[in-house]
Amino acid sequence: MRLLCVWLLCFLAVIVNNVWAFDPSLNWQTLSSAHFKIHYSDDQEALAKRTARLAEAIHNKLSKEINWQPEQKTHLILTDHTDLANGYATFFPFNRSALFVHPPSAGAMDFNSWLETLIRHEYTHILHLDKSHGPTENLKTVLGRFAFLFPNSYQPSWLVEGFATYHETDATLHRGRGQSTLFAMMMRAELKHGFKSVAEVNMASSSWPLNARYLYGYYFFEFLSVTYGKDKVQSLIENYSNNFIPFMLNTSFEQNFGKDLNALWKDFESYLRNKLMTVNAQHSIEALTDDGFFKSDFAMNDDGELFIVKNDGVHQAALIKRSNNGDEQHLVDINIFANIDHHPIQGLLIAQPEYCDEFRLNYDLYHYNEQTHDFTRLTRCARYTEGVWSSDGDYIIALKAENGIFQIDRLSTTGLVAETLWKGQQDVIVSHLTLSKDNKTLAASVQRSGHPRANIELFSMDTRQWQRLLADNAHQWHPDFIANDTAIRFSSDRDGSFNSYRWDLTEQQLTQESTSTQGLFKTLAHEGKHFSIGYTHKGYEIFSYQPTAQPIELQTESRWHIPPLVTPTEEIDFTITPYSSWDSLAPKWWFPFVVGDGETLEVGAQTSGQDALENHFYFAAVSFDVERLFPNLFANYWFNHQWEFSIRNTFDVDPGPNIDFFERERKAKLGYHIPWTFVNHQWDLEFAVSAEHSSFGRWFNDQAFYDAKFKNTLGGIVLSYNSAQYFARSISANDGRSLRLSLASSDIFDSSFYGKSAVLDWREYIQLVDEHALALRFVAASAERGSQIFEMGGNFSDSYFQVSPGIIQYSYALRGYEENLSALRGRHLRLTTAEWRLPIKHIERTAMVPPIGIEELSASVFYDRGRVFGGAGDNTFSSAGVELHAQLRLFYFLPITLRLGYADGHDDQLGQQETYLSFGTSF
C-alpha cells in the first residue's frame, strides 16, 4: 500500500501544487459575480470590476460555443507579481485561473485588449477541461472532482493549448495569435526545415520552437475547421468529453473525421503548405550566429561591435561581445529576457528580471562597465523593463508598468527618479523605447485600445504628447533614430513578413530596406551594413545584409476595417467581501483504494485540497489492514511555501507460516522556512522539529507483540543554498552547486538517542562541453556518542518525490554494496561521488497509446568512495560503474527518469557486482 499511496499522492501534488503562491500580506478581496469569484488586492478594485464584466461577457459566448456550463463558479486571481506576460488555468481541484495583468511587449501579440484576450484563452481551458458527460460525470456525484474523471485532461498539451488559441483567434477582428504574422512566419520555418510529427508534438519538449504546443495546436484546429467545418471541431470535443477510458485519441478522431490522427496529420501538413508556402524573393542575408534559441536584444558600439543577449539553451544566459572579425567574448552572466542599451562613455545599461521577494519577479536596471567589468544594480524592485541613455549620457529614460498602466520616468545615472514624464491608462502598451540624438523626441512602439496592431509613435519631451508616425494597420516596432534624427528605421510586417523599413521625417517617404521571408526585427547599422535579429527554425539569430532602397507608396485607406473595441459597460450584479481561504479550502474529491499482495489486504481513501491563492495546500491518505486493523496514515500541509507539517504512520508486514513480523514507523515533522530567492540561486533557512518512532514486533493469535522500540526526536536548523542550473537542453544539472548544512540535537526532547549530529552535503556541477557535465558530491556526517548512527549501502536514488525530508539524513547510497551491513555503519561518514554525465540522444517522441514517451537518453560513468568510522571500525569502501538514464514522459506531461545501472563494489568481502533498475537519479 505504501508505494501506491505515495505514488498517487505525489502524482496529484504535481497537478495541484503550482510554482506561485500569492502574497498573503496583501489585503485580498473577492468580487463574486454570477459565474466567477475574482480575487484581487485592494488597489485593483476598478480592474476587478472590469474583469468581471469582461469575464461574464466571455462566459456568455464561450459557454455556448463549447456547450458547457460549470457547476461551480470559476476562481480568477488578478496578479501583478511579475513583469512577464502570462497566465494559467487548472480544473483541479476546482476551476481556477491566474491572470498576470502585465501585458506583453507592444506588437508581440494581436489583440484589442490584453486582459480580454487573456481571459478568453484561459477560460477556454476551464470550459474545455471541466467538460465531461456520461460515466465520468456520474462518478463525480460520488467521488467529487477526482482528477481522473476529467476526460479532456487526458489530451496532449498541444490539443489543449491549440483549442484555447483557436478560440482566442478571430481573423475577422484581426485578433489572436492564430492569424498573426509571427505565427505564419514560425510555421513557414517548420515547413521548410522539418515539419514535426504527431509523436514529436505530443512530447512538448524543450526543442525549438518552445511554443510548438500553441503553434501546431492552433493550426491543426484551423485545418479541421476549414476542411471539415466548425461543427466537426465541436463534435470532437463532445465525443472526447464522453470518454470513460482515457487516452482514446485515435478512436475519437476516427469517429469524427473517418481518419486516425496520423492520417489527418498528413492532410494537415498539405493544408499548411498550400496556405503558407508561397514563393517570394529572398533577400541575401548572412547569419552571424548559429546557436538558436533566444537572442532577446542586441546593441552596437561606435566601432560596429555587437553586444548580444544570448540564451542558447545549454549555457547560462549571458551578455556576449562580438567583434568585427567574428570573435565572441563572454562579458557577464545575466538573466533571461534582458534588454540592453549602449552608450560610448557610460557603457551598457541592462534591464533584467530578478526576484524582489518570494512573491514578486520584477525587472530592474543594471550597469555594466566594460573596462572594469563592474556589474552594478541601479534600481531595486522598480519594475523598469527598458532603459535608454540620453545622447550625452547624463540621464536615463526608463519604462515601467504597474497593474497594466505604463509609465515613463527620467532617472539619474545612478537610478534615482528625477521626474515622471508620462503615465498612461489601461490598454495602452508601450515598448521599444529609443531617444533622438538631440534628446527632444522619444520614439516607441505603441499598441492602443481598439487596435490589434502596434504602431510607431513619437513622444515630445517638451509637450509630453504622443503623435502617431504612420496610419497603418501593419505592426511597427523596434524604432531607431538615424541620419541625425531626420529618419526612423523600424521593423514592420506590412509585406506579410517582418522586414526593415525607413521613414524619412522630412520627405515623408517610406522605404523598404529588406525583403526577407523569414523575419527581421530590431535593426542596427554600421558603415552601410545592416545587422538584425532574425527568426530561424532553430530560434533567433543575428544576421547581416546590405540594405535595399525600395520606395513604398503609402495607402490612403486601411487595408482592412477594424471594428472598434467594445468593452462591456452594462451593470452586473456582484458582491465584494474580504478574501477567505476557507471559501475554497475544503476537499473537493476523495478516492477509495484497495491493495493487497495475497497475504495482506488494505482498504483506504485519500484526498487533497488548497485555497484559491495557493497559500494553503494539503493532501492525506488513510488505510487499514483488514485483518489486523493496522492503520496507515500520510498527511502533509504547507502554508505560504514557508510552514510545512507532515505526519506518517505506516505498517509493513512480512507474513510467515505461523507468525507475521511487522515494522511500524511513525514520523512527524514541523518546519519553518525563511527563503531568499533569486533567479539563478536560492537560499533557505529552516527551523524544524522531527520525531521518528520505530517499532518491531510479531503478530500472533490476533495480537501484536512488540520486541523493540526506539524513538529519535530532533530539533535543529538546516541551511540550504542552490545555484545548480538545469538549462533547457541539459540532461541534468550541469552548472553551479547545491549545499545543505544540517545541525540537530536529540537532547532537546525525550528520545532514545542523545547528542548532536551534523551533515554537510555538497554537490558541485561543472559544465564540460555543452550538455556534458562533471557532477561531484561530498558528504561529511558526524554524530556524538549516543546519537543515531549513519550508514551506507544500496543503489537507491534520492527520493524521486521528496515531499518532506527530515532534518538529518542517515542513509546514503553506495553502489555495489548491500544495505544494512554493520561494517558500513558508524557515527562518522565521509562519502565522495564523481559522475561524468553525457548525452546519448534526444528522442523526443510520445506514442498515442499507451501515452508513454522518451524525451532523451543519457549515461553516466561513476566512482563512489565512502568511509565510516566511530562504529564497528574504520572502514573505507569504493565502487565504480555505469548508468543509463531514460527521461520518460507519462500521460503526455509527467516526467519520470528510469535508471538502469551496473556497479562493481571493489571490496573483496562485501563488494558485489550488481545490476539494478530504479526511478530517479543517483543524486
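Modeller: A definition comes before the helix. Helices here are DSSP runs of H or I with at least four residues, strands are runs of E with at least two, and both are numbered from the N terminus. Keep in mind that this is a predicted model.

Take helix 5, residues 157-168. Helix 5 has 12 residues. From its first C-alpha to its last it reaches 16 Å, close to the 16 Å expected at 1.5 Å a residue.

Now its surroundings. Buried means under 20% relative accessible area. By that cut-off, 12 of the 12 residues of helix 5 are buried, so the helix is largely enclosed by the rest of the structure. Among the buried residues are Trp 158, Leu 159, Val 160, Phe 163 and Tyr 166. The list also includes Glu 161, His 167 and Glu 168. An α-helix has 3.6 residues a turn, so residues three or four places apart point the same way.

Step back along the chain to Phe 148. Phe 148 sits in the loop between helix 4 (135-143) and helix 5. Its relative accessibility is 29%, so Phe 148 counts as partly exposed. Phe 148 and Ile 245 are 97 residues apart along the chain, and their C-alpha atoms are separated by 10.0 Å.

Two cis peptide bonds deserve a look as well. One joins Phe 92 and Pro 93, with omega about 5 degrees. Pro 93 lies in the loop between strand 4 (87-90) and strand 5 (96-100). Another runs from Trp 208 to Pro 209, with omega near 0 degrees. Pro 209 lies in the loop between helix 7 (198-203) and helix 8 (212-228).

Further along, check Phe 337. Its phi is positive, near 60 degrees, and it is not a glycine. Phe 337 is in the loop between strand 10 (328-333) and strand 11 (339-343). At 33% relative accessibility, Phe 337 counts as partly exposed.

Last, the whole chain. The chain has 12 helices and 50 strands. Its radius of gyration is 30 Å, close to the 29 Å that the globule rule gives for 923 residues, so the chain is as compact as a globular protein of that length. The C-alpha trace spans about 100 × 65 × 55 Å along its principal axes. Of the 923 residues, 57% count as buried. Among contacts between residues at least 6 apart in sequence, 56% join residues at least 24 apart.

How values were computed:
Residues are numbered from 1 along each chain as its sequence is written. This is a predicted model: local features need pLDDT of at least 70, side-chain atom pairs count only at pLDDT 80 or more; totals for chains, interfaces and linings use all residues. Side-chain values use heavy atoms; hydrogens and water are left out. The radius of gyration is taken over C-alpha atoms; the globule rule is 2.2 Å times the number of residues to the power 0.38. Buried means under 20% relative accessible area, exposed over 50%, partly exposed in between (1.4 Å probe, protein chains only). Contact means heavy atoms within 4.5 Å. The expected span of a helix is 1.5 Å times one less than its number of residues.
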